Amino acid sequence: MRVAVFSTKPYVEEFLSAANPAFGHELVFFEARLSRETAALAEGFKTVCAFVNDQLDAEVLKELHKRGVRLVALRCAGVNHVDLAAAAQLGLTVMNVPGYSPYAVAEHAVGLILALNRKLNRAYNRVREGNFNIDGLMGFDLHGRTAGIVGTGKIGAVVARILTGFGCRVLAYDPNRNPDVEALGARYVTLQELHRESDIITLHCPLIPATRHLVNAECLKEVKRGVMIVNTSRGGLIDTTAVIEALKSGQVGYLGLDVYEEEAELFFEDLSNYVLQDDVFARLLTFPNVIITGHQAFFTRDAVAEIARSTLQNIHDFEQRRTTVRMVRLDRFRKP
Ligand code: NAD
């Protein structure tokens, strides 16, 4: 199958090309992000391969369909950036790669927790400058602290296992209980209880209408003063303006982000020669107790290799007209 690969980076081309001999697709790589301006590049392709910040709204999907595209093969787990109703109306198939490596994301979330707690970013800079003063770098033992996990699917469950290993008391909130998480000794509670009791809150649920701004001004009133919040899921889970106010007042003591509401304009590009235009993001960067990484939680060689293999397998399955679990369910959007 001829595939138009958007948002290509050197590692995307390297891993997709390495996995492709087993499938024999014709991969054409475009550096451009998929958008209304670039959708025309897909002319004559039956498949587009897209990533987290590619634009897949109704207008772009319509344009892709007009140019012959029938499959949107996402090389990511989240589908929040795809207008699924529009895809269903157009008869497009959307496939994703859920659960390629929950360890990659879970380990990054725990990495943020450790780095924030022990201020490793600041310690690194001090030592490099010959400043061996440890004043201001004091952390706390994770052992015995309460960690609240919001969303206990594949990634949340691995986080629960790691934090249990540290000796944390683990609380969980998820409309669907995971027996593996309960078996670890974690306790399912209401979201309010989780907010009130947790020293650390880490988000592992998808971005859907019900979870947009799950962390907002209201809930920030009920968290423990000085709480640590970590988000490696999707930026839209946090109302950034509200969390900035809570950081200023000390209500939030630490913030670790791998994702940001308006990241599409920033992440994955080298913007170091440009003036930052996003004032909210710029404000976040001023806090000593905030660590931000640019959507790299998935970025281990194991995960990227599995993303490449699963994406190409999805395209192969579509070509063979096989129905698989990685086809995003669109039937609820189709007109009867
Ligand atoms: P998953 O589907 O296995 O688990 C998601 C869990 O969230 C499910 O158990 C579901 O019941 C729960 N959930 C749904 N609605 C909820 C709500 N309102 N409140 C609390 N929980 C709710 O997904 P996963 O593989 O564990 O991935 C979780 C998220 O991580 C993805 O949605 C994706 O956005 C994000 N992700 C980020 C990266 C990264 O590089 N930063 C990489 C992969 C995935």
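Confidence in the protein is lowest in helix H3 (residues 84-90), with a mean of 95, and highest in strand S10 (residues 227-231), at 99. The pLDDT (the predictor's confidence in each residue, from 0 to 100) averages 96 over the protein, and 99% of the residues score at least 70. This is a predicted model: local features need pLDDT of at least 70, side-chain atom pairs count only at pLDDT 80 or more, and totals for chains, interfaces and linings use all residues. Residues are numbered from 1 along each chain as its sequence is written, and side-chain values use heavy atoms, leaving out hydrogens and water.

Helices (H or I, at least four residues) and strands (E, at least two) are DSSP runs, numbered from the N terminus. Strands pair if DSSP finds at least two bridges between them.

**Five-stranded sheet.** Five strands form an open, parallel sheet in the order S2-S1-S3-S4-S5. Strand S2 (26-29) and strand S5 (93-95) are the edges; each has a single partner strand, so one side of each lacks a neighbour in the sheet. The twist averages 20° from one strand to the next. Arg-2 stands opposite Glu-26 in S2. Helix H1 (residues 10-19) packs on this sheet and touches S1 and S2.

**Seven-stranded sheet.** Seven strands form an open sheet with parallel pairing, ordered S8-S7-S6-S9-S10-S11-S12. Strand S8 (187-188) and strand S12 (290-292) stand at the edges with a single partner strand each, so one side of each is left without a neighbour in the sheet. Ile-149 has Ala-172 in S7 as its bridge partner.

| Pair | Sense | Bridges |
|---|---|---|
| S1 (residues 2-5) and S2 | parallel | four bridges |
| S6 (residues 146-150) and S7 (residues 169-173) | parallel | five bridges |

Angles run from 0 to 180 degrees between N-to-C directions; axes are lines fitted to C-alpha atoms, for helices over the stretch in contact. Contact means heavy atoms within 4.5 Å. H4 lies across S9, S10, S11 and S12, at about 145° to S10. H6 lies across S6, S7 and S9, at about 170° to S6.

H4 (residues 102-118) and H6 (residues 154-165) pack at about 50°, with axes 8 Å apart. They are therefore oblique to each other. Among the residues in contact are Val-105, Ala-109 and Ile-113 in H4, and Ile-155, Val-158 and Ile-162 in H6. The contact residues divide into twelve nonpolar, no polar and two charged.

Definitions and conventions
Parallel < 35°, antiparallel > 145°, perpendicular 65-115°, else oblique. Nonpolar A, V, L, I, M, F, W, Y, C, P; charged D, E, K, R; others polar.
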